[in-house]
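Subject: Handover of a structure and notes on its contacts

Dear colleague,

Please find below the structure that I am handing over to you. My notes on what was found in it follow.

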Amino acid sequence: MNLNTKITLLCSALTLIVLGGLQVKSAYGAEDSVKLEKQDWSFSGIFGTYDRGELKRGYQIYSEVCSSCHSLEYLAYRNLEEIGFSEAEIKEIAAEYEVKDGPDDEGEMYMRPARQSDKFVSPYANEKEARASNNGAYPPDLSLMSKARKNGPDYIYGLLTRYKDEVPEGMEIADGMNYNEVYPGQQIAMVAPLEDETVEYADGTKATLQQHAKDVTTFLTWAASPEMEERKRLGIKVILFLVIWTAMLMALKKKIWAKLH
Amino acid sequence: MNFYKNIVLPIHDWVDYRLPVFSYVRKNLVDYPTPKNLNYWWNFGALLGITLMTMIITGIFLAFNYTPHTELAFASVEHLMRDVNYGWLIRFMHSSGASMFFILVYIHMFRSLYFGSFKAPRELLWIIGVAIYLAMMATAFMGYVLPWGQMSYWGATVITSLFSAIPIVGDSLVTWIWGGFVIGDNTLMRFFVVHYLMPMIIVLLVFFHLWALHSHHSNNPLGVDMKTPADSIPFHPYYTIKDLLGLGVFLTFYLTFVFFAPDYFGHPDNYVEANPLVTPAHIVPEWYFLPFYAILRSIDDKLLGVIAMFSAVSILFVLPWLDRGRVRSAKFRPIYRQFFWLFVADCFLLGYIGAQSAVEPFVTIGRLAAAYYFAHFLIIIPLVAKFERPLEPPESISAGVLEAQLKSKTAEPAAQLQGAE
């Protein structure tokens, strides 16, 4: 066996193990019968980046629609700078919300306008209040949603676009619930939040339901993985370095071992 | 003035006379005689050592930013991911690193099984290795609990509850482990402390592992001892460069996940904060525990299931006495070799079953696979060792290597002739 054969063997062994893992992986969600349609995302692939237009429009949808029920608790207003808002714009956005601060010199807690450094203000004070306002259902925090579901982006997109008026025969929809093809169990408390022209875009993009869903999904994926672009950029450099370094080591190894034979 | 001769050398000699660190390194890392025929399967020990160091270093940096409190743990991880410089890199290296650690250790163990590295005089080397593996499993389990996601919490619930199967003391034992009547702050704090402690124990065990290894030196693909100087080559530069090359390949593999698929080995549910009131649809352990999870579930009785699961690991401790065959390497054991690959396939099958829900046909397949796992150790290995007629291994490593070279030289022209036809 020469060196190349050995390396090939080693690599194929590793690949086998990963493929084995893939098999196991696919079994994790084997019982979720609904097939998600794979979307073409600007951020997929090793060179993928978040489409800046989608991010900005997505934030608009979040702030005008989602944020009335869903929090984004791990994000701060200052983070919006990463998706193209200026400092002045962010100050303005933050100032629309109020946060509790204090105690002041008299020992009183007081409300003040939010600053850039504050985390996104949640629509409800706590889970109890959220449930009380939503028929007992709890609108989950969205900061990590894109990573917290299998094929997260496709799931969010599917959930938002696949509300159906016609319920399949034999299915009872409980009071206050809505039929959705993607949500586990197909009954969801949230009323379809988006439709054509729910939001008016400033940049002239056609406001279809699909466009809304796509934009807000990109925004939420950024919210869950804000490090992604930096991660991939660094990753490409690191892997390129490693490939060259390994090739050099391979040559060196050959040279050193040649003395033996 | 000659810098080396007048400054470096006297300091070297002065230190080495009082504390022979330099001689020690030369003896164990430079001149250390190593079989000259080691193949790439012998790279994994060194890779494991490097991975252990990577885990410890990234772990220290993670601990700087982590808060072991049920209200704060999940948020502290998000703080690290979002607000700490390169926090995401540290965390993803640690989380993917855990999976790499197990990929490497499984290859390393199967290597040992195939080439008979566990046989005399390396029984203690093997036993210490199994102890390291056990310590790794405990460490990995507790580490997975720390981010305090849904799978962290429910995985911890399932695994710690297993101890309640122990008669009489079971329930008290579980309360003692939890530090209370539910999994809460006390549990998380002690898991954090023990998770941080275990690597020190692993390092200690690794020290003994290497001590035992260097007493009798590496086994090799032929499984025959080194007899003359012609059988061995110095560790440096031959195996330092070979291990470095292996490291290059491994890092490329490892860091591809870290940078491009950091959550590949994780579970989406662990990005949902732990909630004792909501049980996830499927509670699955990390992939490296799946074969044992399948064995646990293959028996309906809780206590027997737990016993079976722990036996599946601890049976490895007595392997050197189950396989009394004289010949080490499967190269010369035609029957054992086939059962070895069957065993590998069985482990993969058990892993697959472990990820499925407990419904037919998975239950029955799982039971058969679990039974085969034990049969391999308790029936097949002893019987094969007794009745198999191994081929005669070569006199020495040199003889074996020479024979292989001759064979490949005569085989090549023949192959070319065939190609020409």
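Buried area is the accessible area, with a 1.4 Å probe, that two parts lose on being put together, summed over both. Please bear in mind throughout that this is a predicted model.

In that sense, domain 1 and domain 2 of chain B bury about 2,200 Å² between them, with 81% of this area on carbon and sulfur atoms. On the side of domain 1 of chain B, Phe110(B), Tyr114(B) and Leu162(B) contribute 26% of the area buried against domain 2 of chain B, more than any other three residues. Domain 1 of chain B covers residues 32-285, while domain 2 is made up of 291-324 + 334-389. The centres of these two domains, taken over C-alpha atoms, are separated by 22 Å. Their contact involves 26 residues from domain 1 of chain B and 25 residues from domain 2 of chain B. Between the two domains the count is 1 salt bridge. Separately, Lys119(B) and Asp323(B) form a salt bridge in which the closest N and O atoms are 3.2 Å apart.

The interface between the chains may be described in the same terms. Chain B and chain A bury about 4,900 Å² between them, and carbon and sulfur atoms carry 74% of it. Within chain B, the residues that lose the most area to chain A are Tyr40(B), Arg82(B) and Phe260(B), which together account for 15% of what that side buries. In terms of contacts, 60 residues of chain B meet 52 residues of chain A. Across this interface 1 salt bridge is found. Asp83(B) and Arg78(A) are joined by a salt bridge through their side chains, at 3.3 Å from N to O.

Over all chains, the search of the whole structure finds 55 aromatic pairs. For Trp257(A) and Tyr239(B), the ring centres are 5.3 Å apart and the planes stand at 80 degrees, so this pair is edge-to-face. It crosses between chains: Trp257(A) belongs to helix H8 (residues 228-258) of chain A, and Tyr239(B) to helix H10 (residues 235-260) of chain B. Trp257(A) and Tyr239(B) are both buried.

How are the rings of Phe102(B) and Tyr288(B) arranged? Their planes are at 10 degrees and their centres 4.0 Å apart, so the pair is stacked. This pair links distant parts of the chain, 186 residues apart: Phe102(B) is in helix H5 (residues 87-115) of chain B, and Tyr288(B) is in the loop between H10 and helix H11 (290-297) of chain B. Phe102(B) and Tyr288(B) are each buried.

One aromatic cluster in chain B has among its members Trp42(B), Phe110(B), Tyr114(B), Trp341(B) and Phe377(B). Phe110(B) and Tyr114(B) were also named above for the area that domain 1 of chain B buries against domain 2.

In chain A, the charged end of Arg57(A) sits over the ring of Tyr201(A), 5.5 Å from its centre. In chain B, Arg333(B) places its charged end over the ring of Tyr336(B), at 4.3 Å from the ring centre.

Finally, some points on chain A. It has 8 helices and 4 strands, and from the N terminus on its elements follow the order α-α-α-β-β-α-α-α-β-β-α-α. Of the 261 residues in chain A, 41% are buried. Among contacts in chain A with a separation of 6 or more, 61% come from residues 24 or more positions apart.

With kind regards

Terms used. Residues numbered from 1 in each chain as written. Chains lettered and ligands numbered in written order. Predicted model: local features only at pLDDT ≥ 70, side-chain atom pairs only at ≥ 80, totals over all residues. Heavy atoms only, no water. Phe/Tyr/Trp six-rings, centres within 6.5 Å; stacked < 30°, edge-to-face > 60°. Helix = DSSP H or I, 4+ residues; strand = E, 2+ residues; numbered from the N terminus. Buried < 20%, exposed > 50% of the residue type's maximum accessible area, 1.4 Å probe, protein only. Lys NZ or Arg CZ within 6 Å of the ring centre and 35° of its normal. Domains from an automatic or database assignment. Contact = heavy atoms within 4.5 Å. Salt bridge = Lys/Arg side-chain N within 4 Å of Asp/Glu carboxyl O.
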